[in-house]
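Subject: Structure for your review

Dear colleague,

Please find below the structure that I am handing over to you. My notes on what was found in it follow directly after.

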Amino acid sequence: MNDFLCDNRLNPAEVLCSRRQFLARCGLGLGALGLASLLSEDVLAAADTAAGTRRTHFPAKAKHVIHIFAQGAPSHIDTWDPKPVLAKYEEQSLPGLNGIAMPSPFKFSKRGRSGIEVSEVFEALGAHVDDMAIIRSMYTDIPAHDLATVFMNTGSLRMARPSVGAWALYGLGSENENMPGYISLRPGGGFPPGGALNWGSAFLPGNFQATSINTKSDTVEGMIQNIRNAYFPEREQRCQLDLVQKLNAIHAQHLQKDPQLEARIEAYEMAYRMQMEATTAFDLDQEPKSIRDLYGNSPQGRQLLVARRLVERGVRFVQVWAGGWDHHQDIEERLPQSAREIDKPAAALLADLKQRGLLDGTLVIWGGEFGRTVTRDRNGNDNPGRDHNNRAFSVWLAGGGVKGGTVYGATDEFGARAVENKVHIHDLHATILHLLGFDHEKLTYRYNGREFRLTDNSGRVVKGILA
């Protein structure tokens, strides 16, 4: 049976055809022969490798991205944007704002040679500010978690659009045919607001969407279920896939290509190829104990160590979900807990990438979907927190062509609004694509009769953070 599946005997559908089909095939074939004689070998080779590494618009500073998404919206004035003037208005109303002023309960101090002020909740990360560009003037459109989360990851509030990682992979191509070029690492539990829209490919071909991995488990089999086929050896799996590809080719020839079917077959192919490569990439026991201790034996520590191992193996875009920042109450206790979960692992990631010579080619991003208010949460209680604020928040970037030791933009004296060098979500996305070597206005995909791009009809590169 296996030999039958794998042989090359003719299929009747490939031999029998109408006169119209015969003439069409011959005509196209003769035309292709003529075209081949006109094209140089270099052009033909480039066409053959279109699915692999692709040419960027200009030299790229970054080849890979690790996006640490702090879902839940961290308070900027308690982490990266100190506002000491708030202490003067404690328990008072603020001019032009509703609510009672709430100064940060956390101490800020200058860190690194650059002297950037960082909250005490990021003790470990503070040691790396000289590698960071901190944008203190971010803003977004809507302060609702589900919409803002999808907006940060796709640049769209209305229709389903490709995620940032999908655009990056579409532009750059893959470096490793045995691994997905885009991987989303989730810490377990339910899906985040917006679900798979955050790492989907929408109208881009399905092979550009992320492979979502549940990293709650600390074993390869737990993270990637069914990574090994329990029923068929590798040769029989290959024969099955070859048969599926033949049947799909016949289907496409006589009917039409089905994007969903193509994506599903590509997923099967990738799963087949991943059996060995992914097993190695996700097996943290292969790391020295000193490295595992550096990241810490926590869910986010393991996530970021996996992220580094994926980048080493050519994965273009790694999305790391690091949520738990929705602090409407008891912020004095809960925010440090959230910070501790990511502080040591993220600091370890930067140090590890740097000592391996990978940081220059890897763009690392940390930030949430919006910020928090400078006043107490509107619900009011004995253990106050902060409400949603889309008019101001902070993100930081490191590596991959970023100018370290930089603070860009500013909020007003209270931290309520971005006022200087304001940076919209589209601007951040334009900057990410620029660091990857793309003009965000030219990286487009034609769908439904028009050209689409990540940044919609706006966006500007934040040149002040570029090295």
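**Salt bridges**

The structure holds 20 salt bridges, a salt bridge being a side-chain nitrogen of Lys or Arg within 4 Å of a carboxyl oxygen of Asp or Glu. Please note that this is a predicted model, in which local features need pLDDT of at least 70 and side-chain atom pairs count only at pLDDT 80 or more, while totals for chains, interfaces and linings use all residues. Residues are numbered from 1 along each chain as its sequence is written, and side-chain values use heavy atoms, with hydrogens and water left out.

One of the salt bridges joins Arg386 to Asp78, with the closest N and O atoms 2.8 Å apart. This pair links distant parts of the chain: Arg386 is in the loop between β9 (371-372) and β10 (388-389), Asp78 is in the loop between β1 (64-69) and β2 (108-111), and the two are 308 residues apart. Helices (H or I, at least four residues) and strands (E, at least two) are DSSP runs, numbered from the N terminus. Arg386 counts as buried because its relative accessibility is 0%, and Asp78 likewise counts as buried at 0%. Here, buried means under 20% relative accessible area, exposed over 50%, and partly exposed in between (1.4 Å probe, protein chains only).

A second pair is Arg113 with Asp130, whose closest N and O atoms are 3.8 Å apart.

Arg316 is buried, with a relative accessible area of 4%, whereas Glu175 is partly exposed at 40%.

There is also a network of salt bridges, which links Glu287, Arg308, Arg309, Glu312, Arg313, Asp352 and Arg356.

**Packing of α11 and α12**

Helix α11 (residues 299-312) packs against helix α12 (residues 331-355) at an angle of about 20°, with the axes 8 Å apart. Axes are lines fitted to C-alpha atoms, for helices over the stretch in contact, and angles run from 0 to 180 degrees between N-to-C directions. The angle makes α11 roughly parallel to α12; angles under 35 degrees count as roughly parallel, over 145 as roughly antiparallel, 65 to 115 as roughly perpendicular and the rest as oblique.

From α11, the residues Gln300, Gly301, Leu304, Leu305 and Arg308 meet Glu341, Ile342, Pro345, Ala346, Leu349, Asp352 and Leu353 of α12, where contact means heavy atoms within 4.5 Å. By class, this contact of α11 with α12 has 7 nonpolar, 2 polar and 3 charged residues. Ala, Val, Leu, Ile, Met, Phe, Trp, Tyr, Cys and Pro count as nonpolar, Asp, Glu, Lys and Arg as charged, and the others, Gly among them, as polar.

Helix α5 (residues 145-154) is mostly covered, with 8 of its 10 residues buried. Those buried residues are His145, Ala148, Thr149, Val150, Phe151, Met152, Asn153 and Thr154. Just after α5, Gly155 takes a positive phi of about 75°.

The axes of α5 and helix α13 (residues 425-435) come within 9 Å and cross at roughly 30°, which makes α5 roughly parallel to α13. Phe151, Met152 and Thr154 of α5 meet Ile425, His426, Leu428 and His429 of α13. The residues of this contact divide into 4 nonpolar, 3 polar and no charged.

**Individual residues**

Ser119, in strand β3, is buried with a relative accessible area of 1%. Leaving aside residues up to four places away in sequence, Ser119 touches Asp78, Thr79, Phe106, Lys107 and Phe108; Asp78 is the salt-bridge partner of Arg386.

Most residues other than glycine have a negative phi. Asn421, in the loop between β14 (418-420) and β15 (423-424), has a positive phi near 50° and is partly exposed, with a relative accessible area of 39%. Asp456, in the segment after β17 (450-453), has a positive phi of about 55° and is partly exposed at 24%.

Yours sincerely
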